[in-house]
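Please examine the structure below. A short briefing on selected local features follows.

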Amino acid sequence: MPCCGPVDSFVSPFVKYVLFFFNFLCWLLGGVLIGIGIWAYLEKQKYYNKEIESVYDVIFDLAIIFLVLGAVIFILGYAGCIGALRENVYLLKFYYFAMLLIFLVLLVGAVLAFVFRDKFRQKFTSLLKDNLIITYQDDPDKQSTIDWLQEQLGCCGVNTYRDWNKNQYYNCSSEGKDNPSPLACSVPHSCCKVQDTLMAGVPNILCGNGVLKMGGDSSLVYTIGCIDAALGLVETQLPIVGGIAVGICFVLLIAMFLSYLLARQVEDQMLRWSI
């Protein structure tokens, strides 16, 4: 005969429902992100169809990023939400170890990026040039993202505006004589300090015409690369960036602690009932 009555419980209602409501919101967020990703992917396929040829086609595709991120949040939200509500030890432990893995990956990644920052920057810069600069004209979504970043950060290219020489349409080798593209020796309109329009909604894509030529008027465009511009923004907004990083780590740690605590409470309760 059990030693304890059915109303006795080691499980804290506070821990249980805090974990439940937090993960319920994450579950909803994951569903929203998945919906946005599916919608964006299907809309893009209507006008532009490009097969996935490498992992970088996934990494730099915003629709797929939303899908993957949404799926991860949805699965973890489900495990934490249902695990807490049903007091399911297996779901709670899965949630705990998954959150621990994410935390360790982020921590190790940040440490390695700091320790090997020079090599990391070199590799990251090369990756951006090969997958953003060269393929700028090949993907409308990618093109819009690059334009938005260059306009918001006030930058051009990865390291410098001359990175656009790597793009076949903007290439200015031999002063553009070997390049039949009308964009030869120019840069994207988002690089221009003053962007004019030919008509409403139609930007002047030749506002930076000739800036890649020897002696070209570089004062028309931003000359700083987007890597340096982004790092400069982080430095000026360091308290905010630091606060966001600390906030993310705090949420992960709290979620891990609550899931571990609830799992132990459920196990203690099961052991107590078996006596």
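In which helix does Asp147 lie? Asp147 belongs to helix 6 (residues 140-153); helices are DSSP runs of H or I with at least four residues, numbered from the N terminus. This is a predicted model, in which local features need pLDDT of at least 70 and side-chain atom pairs count only at pLDDT 80 or more, while totals for chains, interfaces and linings use all residues. Residues are numbered from 1 along each chain as its sequence is written, and side-chain values use heavy atoms, with hydrogens and water left out.

**Asp147**
- Asp147 is buried without a salt bridge, and Lys142, the nearest side chain of opposite charge, is 13 Å away.
- Buried means under 20% relative accessible area, exposed over 50% and partly exposed in between (1.4 Å probe, protein chains only).
- A salt bridge requires a side-chain nitrogen of Lys or Arg within 4 Å of a carboxyl oxygen of Asp or Glu; Lys and Arg count as positive, Asp and Glu as negative, and His and the chain ends are not counted.
- Not counting residues up to four places away in sequence, Asp147 touches Tyr136, Pro188, His189 and Ser190 (contact: heavy atoms within 4.5 Å).

**Helix 8**
- The buried residues of helix 8 include Leu262, Gln265, Val266 and Gln269.
- Helix 1 (13-47), helix 3 (62-85) and helix 4 (89-115) are among the elements that cover the buried residues of helix 8.

**Val11**
- Val11, in the segment before helix 1, is buried because its relative accessible area is 10%.
- Leaving aside neighbours within four places in sequence, Val11 contacts Lys16, Glu87, Leu262, Gln265, Val266 and Gln269.

**Leu107**
- Leu107 lies in helix 4 and counts as partly exposed, at 44% relative accessibility.

Key
Helix = DSSP H or I, 4+ residues; strand = E, 2+ residues; numbered from the N terminus.
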